[in-house]
Amino acid sequence: MAGVTDDILLTYNILGVSKTERLVALIRRLKRMAVVLDNEVVGAGLSEAGKRHGVDIRFLIECDTGGSRNGVQDPQAALDLAREAMRMPNMQFEAE
């Protein structure tokens, strides 16, 4: 990653062991990396990967802004999911 960037935000859900393993490898190489999530299943998978490797997973909540593709549907759902994910091991909410 040298010469490209040291601060990355992945704006899609990372799901599955092979993808979370690759994510952790990237987290170890970068100064800062965050991902989005829009459901508890994704959060649990990220948390498990973080726990397996002893790293914190920085995350934001993805919100549907009208495209009806991905994201939670309303502000309360975003708050509820953020609170749930913050209770999971090795998950760190990014406010920025």
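Reader: Which residues of H2 are buried in this one?

Author: Bear in mind that the model is predicted. In H2, the buried set is Val-42, Gly-43, Leu-46, Ser-47, Ala-49 and Gly-50. Viewed down the helix axis, these buried residues stay within an arc of 160°, so they line one face of H2.

Reader: And what covers the buried residues of H2?

Author: Helices and strands both take part: the cover includes helix H1 (17–29), along with strands S2 (32–37), S3 (57–61) and S4 (91–93).

Reader: How do I read the span of H2?

Author: Compare the end-to-end C-alpha distance with what 1.5 Å a residue would give. H2 covers residues 40–53, 14 residues in total, and reaches 20 Å, close to the 20 Å expected.

Reader: What goes on at the start of H2, and what comes just after it?

Author: At the start, look at Asn-39: one of its side-chain oxygens comes to within 3.0 Å of the backbone nitrogen of Val-41. Just after H2, check the backbone of Gly-54, which has a positive phi of about 70°.

Reader: Now Asp-38, in the loop between S2 and H2. Why does it count as buried?

Author: The cut-off is under 20% relative accessible area. Asp-38 has 16% relative accessibility, so it counts as buried.

Reader: Which side chain does the side chain of Asp-38 make a polar contact with?

Author: That would be Asn-13, at 2.9 Å. A polar atom of the Asp-38 side chain also lies 2.9 Å from the backbone nitrogen of Gly-71. Setting aside neighbours within four places in sequence, the contacts of Asp-38 include Glu-62, Asn-70, Val-72 and Leu-81 too.

Key: Residues are numbered from 1 along each chain as its sequence is written. This is a predicted model: local features need pLDDT of at least 70, side-chain atom pairs count only at pLDDT 80 or more; totals for chains, interfaces and linings use all residues. Side-chain values use heavy atoms; hydrogens and water are left out. Helices (H or I, at least four residues) and strands (E, at least two) are DSSP runs, numbered from the N terminus. The expected span of a helix is 1.5 Å times one less than its number of residues. Buried means under 20% relative accessible area, exposed over 50%, partly exposed in between (1.4 Å probe, protein chains only). The arc is that of the directions from the helix axis to the C-beta atoms. Contact means heavy atoms within 4.5 Å. A polar contact is a pair of N or O atoms within 3.5 Å; within protein, one must be able to donate a hydrogen and the other to accept it, and residues adjacent in sequence count only if both atoms are side-chain atoms.
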